[in-house]
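Good morning. Please look at the sequence and the model on the screen, and I will go through the ligand site and then the domains.

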Amino acid sequence: MTESFVIVGDGIAGSSAAETLREEATDADITVLTDEGEALYNRILIKEYAKGKLPEAPISIHDEDWYADRDIDLELDTYVTEVRPDDGEVETHGGEVYEFDKLLLAVGGTPNQLPVDNSDADGVHHFWTFQDARRINESASQADEGVIVGAGLLGIDLAAVCGAQGVEGKYLMRGDCWWRYALSEEGAEIMHDAMRDKGVEPVFQSGVDHFETDEDGNVTAAVDPNGDRYECDFAGVAIGLDRNTELLESLDVEIDGGIVTDEYMQTSHPDVFAAGDITQFHDVILGEQAQNGAWGSAKEQGAIAAKNMLDHGTEQFEWVTSYSITHFDFPFLSFGHPTLGDDHVERKYSDTEWRRLAIKDGRIVGGVLIGDLAPQSGYKELMRERVDVTGQEEALLREEFSADDVKTEQAVEN
Ligand SMILES: Cc1cc2nc3c(=O)[nH]c(=O)nc-3n(C[C@H](O)[C@H](O)[C@H](O)COP(=O)(O)OP(=O)(O)OC[C@H]3O[C@@H](n4cnc5c(N)ncnc54)[C@H](O)[C@@H]3O)c2cc1C
């Protein structure tokens, strides 16, 4: 009998699953449902479009023909409103019902809204879709002054949009430094200087208490909790992602800030799998449940889920995720889970070179590299091999670091 697979979400996780399913199951019925009006595009590159640095065309990855050529039924502008796993059905906003033997939820997340007055004013932007990028590009290209809120990896993209579009930016941060959960002040200072070079001024111990608007509802200023007022005709908000778990909330499928899966991307229901940003998956390297918010990880999870949805699957997801920033004159990379850990080691090498490794129970669980990315493969190797690096601070932070040196020195000490 022909097997039916339904995939909800045509981001990189859903699309990569559809591609793998088709490669491995030539006869299967495969349907991809997405509420977006366009097929898969490169979500990483939409920031370059918002900066005004890239035209639309290279951002698109697949057109509709790509799915048709593979006999994959792609339904755009189709929002799934209900999942009935025990009946093997999903229902869409238009009342259509799709039947499945196996279902993949690759529904990602939605940016959190700032819970303050006027956060829905015209000119206040959240950043997730290509449509958001089009609006941000248009708004920033006409703006003189901007305010950015959210001191993390997406916030810095919005700061870079201000820099690239010639908008004088104020980056309002709650603490004393950018991405304070992963960087110390010493490392963050390199990023602050780079922001200043682009015309964006970090403002510490700040944030947004409310936005002000004109009579037409356009944003005119952000007022921070100290009462300081920052005029702006553009505002970018990036304060985290709310995982789109609502489809399963009334069902007997485990949810914990994301859809809980094992290392095979299987949920607590045998016919329902999940992949990408939506998951709270069992990370076999970390040895506990974890979440990733990165392109490469979502792509790999989609492929692994597809293999396990087919009957031959017991393939596990074992991956060290990476996330890089390319807005500045030096490279920046975070890998693994840099905000976790009960210990860390770090060192500054020059005005634009710095490293920090997060360590948990004696093992590296993530890190941040600024300036020189060459050590990343060695650190990832130590992570994957779960090497105990206790007492190896000097070898780990050596400028010419090598994973083999750490392993050898550890073996000698033991
Ligand atoms: C501006 C920006 C820059 C980024 N930069 C980087 C980077 O440099 N490096 C990196 O590794 N990662 C980066 N990321 C993160 C990366 O893009 C994501 O981790 C990745 O795209 C997640 O893929 P996904 O398929 O899990 O989810 P998504 O891409 O979010 O796809 C989920 C899809 O499901 C759809 N959907 C949701 N609910 C429903 C429903 N009920 N019915 C139908 N469809 C639904 C959504 O509309 C969406 O199209 C960036 C993200 C953004 C927004």
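**The ligand and its surroundings**

Among the 33 residues around the ligand, the ones that come nearest are Asp35, Glu36, Arg43, Trp128 and Asp277; a residue counts as near if one of its heavy atoms lies within 4 Å of the molecule. Before going on: this is a predicted model, where local features need pLDDT of at least 70, side-chain atom pairs count only at pLDDT 80 or more, and totals for chains, interfaces and linings use all residues. Residues are numbered from 1 along each chain as its sequence is written, and side-chain values use heavy atoms, with hydrogens and water left out.

By class, the shell holds 17 nonpolar, ten polar and six charged residues. Here Ala, Val, Leu, Ile, Met, Phe, Trp, Tyr, Cys and Pro are nonpolar, Asp, Glu, Lys and Arg are charged, and the others, Gly among them, are polar.

Which backbone atoms face oxygen atoms of the ligand? Aspartate 277 has a backbone N or O atom 2.8 Å from a ligand oxygen, and for tryptophan 295 the distance is 2.9 Å. At alanine 13, a polar backbone atom is 3.0 Å from an oxygen of the ligand. On its own the ligand has 1000 Å² of accessible area, and the protein covers 96% of that (Shrake-Rupley method, 1.4 Å probe).

**The domains**

The domain assignment, automatic or from a database, gives domain 1 (4–110 + 241–309), domain 2 (113–237) and domain 3 (329–413). Where does the ligand lie? Domains 1 and 2 both give residues to its shell, so the ligand lies between them.

As for domain 1 and domain 3, their C-alpha centres are 33 Å apart. Eight residues of domain 1 are in contact (heavy atoms within 4.5 Å) with eight of domain 3.

How values were computed
Polar contact = N/O pair within 3.5 Å; in protein donor to acceptor, adjacent residues only side chain to side chain.
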